[in-house]
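Let's take a friendly walk through a protein model, one region at a time. Keep the 3D view open as you read, and look for each residue when its name comes up.

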Amino acid sequence: MKRIAGIVCALLLCSGLAAQIKVIEKSSKKVPAWLVEVNEDYLVVTVNAQTLGDAQTAALSEITQRIIQSVASHVTVSQESSLSEENVNGNIDTRSTFSHVAKMQSANLPFLKGISLSSAVDVYWQRVRDKDTGREYYDYSVLYPFSREEQQTLLAQFEALDAEQVALYEKLEKQIDNIASVDEIKGCITQLDALCEYFFDDVRLNRAKGLRDRYRQLYDALSVTGEFLGEGEYRCQVLLKGKPVAVSTLPRVTSNCAAQVEVRPSDGAFIITYDAIDCLPEEENFLDIFFRIGGKRLSHKAYLKAE
């Protein structure tokens, strides 16, 4: 149906839209035959715009959407209808506006990056004037190569990429209950950011956003625990929902009385050594342990018993 409509538009273009349109300028003397011929190895698009630059942009967008719909046949291209009413001299003027949104056009898909007007086989344009309104604009047509073989190749590439992204989402969904280190949380959020950029349908996009929120909430589920190992030695461990997790960054440890405070990693936990010789029994003595994880402050106090 679109192809027939394009041919009709081309025929109208060739005839100058009868007497209503005057051709002021055109890119070549003769109208190319491809405007009215059917060729399965090419896309033919025709757009109109106020300037030549706007026409080129609109044509590239139309070519991109046509390739999108051809390659990913299950893509959601929504048609939204909005009605506006305007009271003109007591009469209601109802106008229906349709907008077509190809959601994949903004997705990070490799095969879309190679689409360019520099690949066009031919271009034909006319600058015309509407005799009734005096409006001038460009009718711009493009012959773009897109064979059945190329369509099948791109389809295979897209399906492989899409399956890869779905598999990554499923992996991250399973991984959320088996986090071994806080670094994994950041890494998973980064991967989900990329999936949110990729998923072009609302169902998968919302699922990816929801999973990303769940990962971000893991930072709120972190806590710190610890135990004294002996005189002048304390072991602290970060927990995620009560389970030990590794942390790669050393905590900052201060004390209101202890001296020579040092920290070293130990199997995902941290050993803190100190000298409590100056800690007085009548005072509240402690080690103040501080982590900065995922932009959040995580702190823990270990109270010392002065000898």
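## A pair of neighbours in a sheet

Phe-290 stands opposite Ser-299, a residue of β14. Remember as you look that this is a predicted model. The strand that partners β14 here is β13, covering residues 285–293, and the two run antiparallel with 9 bridges joining them.

These strands belong to an open sheet of 3 strands with antiparallel pairing, in the order β10-β13-β14. Which strands stand at the edges? They are β10 (252–255) and β14 (296–304); each has a single partner strand, so one side of each is left without a neighbour in the sheet. On average, neighbouring strands of this sheet are turned by 20° against each other, direction ignored.

## The whole protein

Now step back for a moment. The protein has 307 residues, and 35% of them are buried. Its secondary structure consists of 5 helices and 14 strands.

The accessible surface of the protein comes to about 18,100 Å², and carbon and sulfur atoms hold 49% of that. Among contacts with a separation of 6 or more, 60% are between residues 24 or more positions apart.

## A histidine to look at

Find His-300 in strand β14. Is His-300 buried or exposed? Its relative accessibility is 17%, so His-300 counts as buried, because the cut-off for buried is under 20%.

The side chain of His-300 has polar partners. It makes a polar contact of 3.0 Å with the side chain of Tyr-234, and it reaches the backbone oxygen of Val-224 at 3.4 Å. Leaving out residues up to four places away in sequence, His-300 touches several others, including Thr-225, Gly-226, Leu-287 and Asp-288.

In soluble globular proteins, nonpolar side chains tend to be buried together. Here, the largest nonpolar core has 65 residues, and the members that touch the most others are Ile-67, Tyr-215, Leu-222, Leu-287 and Phe-291. Helix α4, residues 182–198, gives the most to this core, with 8 residues. A second, separate core has 5 residues, among them Trp-34, Leu-35, Val-44 and Tyr-124.

Take Phe-291 as an example of a core member. Not counting residues up to four places away in sequence, Phe-291 touches Val-224, Cys-236, Val-238 and Phe-270, among others. Lys-296 and Arg-297 are also included in its contacts.

## A hairpin and some positive phi angles

Strand β7 (residues 222–230) and strand β8 (residues 233–240) run antiparallel and are joined by 8 bridges. One of the pairs to look for is Glu-227 with its bridge partner Arg-235 in β8. The hairpin of these strands has 2 residues between them, and Gly-232 takes a positive phi near 75° there. Gly-230 lies in strand β7 and counts as partly exposed, at 33% relative accessibility. Although Gly-230 and Thr-273 are 43 residues apart in sequence, their C-alpha atoms are 9.7 Å apart in space.

Most residues other than glycine have a negative phi. Which residue in the loop between β8 and β9 deserves a look? Lys-241 lies in that loop, and its phi is positive, near 55°. Lys-241 counts as exposed, with 60% relative accessibility. Asp-267 also has a positive phi, near 55°. Its place is in the loop between β11 (259–266) and β12 (269–275), and Asp-267 is exposed, with a relative accessible area of 80%.

## Another sheet, with a helix on it

Val-23 stands opposite Val-128 in β5.

Note on methods. Residues are numbered from 1 along each chain as its sequence is written. This is a predicted model: local features need pLDDT of at least 70, side-chain atom pairs count only at pLDDT 80 or more; totals for chains, interfaces and linings use all residues. Side-chain values use heavy atoms; hydrogens and water are left out. Two strands pair if DSSP finds at least two bridges between them. Helices (H or I, at least four residues) and strands (E, at least two) are DSSP runs, numbered from the N terminus. Axes are lines fitted to C-alpha atoms, for helices over the stretch in contact, and angles run from 0 to 180 degrees between N-to-C directions. Buried means under 20% relative accessible area, exposed over 50%, partly exposed in between (1.4 Å probe, protein chains only). Contact means heavy atoms within 4.5 Å. Accessible areas come from the Shrake-Rupley method with a 1.4 Å probe; for residues, only the protein chains shown count as cover. A polar contact is a pair of N or O atoms within 3.5 Å; within protein, one must be able to donate a hydrogen and the other to accept it, and residues adjacent in sequence count only if both atoms are side-chain atoms. A nonpolar core is a set of buried Ala, Val, Leu, Ile, Met, Phe, Trp, Tyr and Cys residues joined through side-chain atoms within 4.5 Å.
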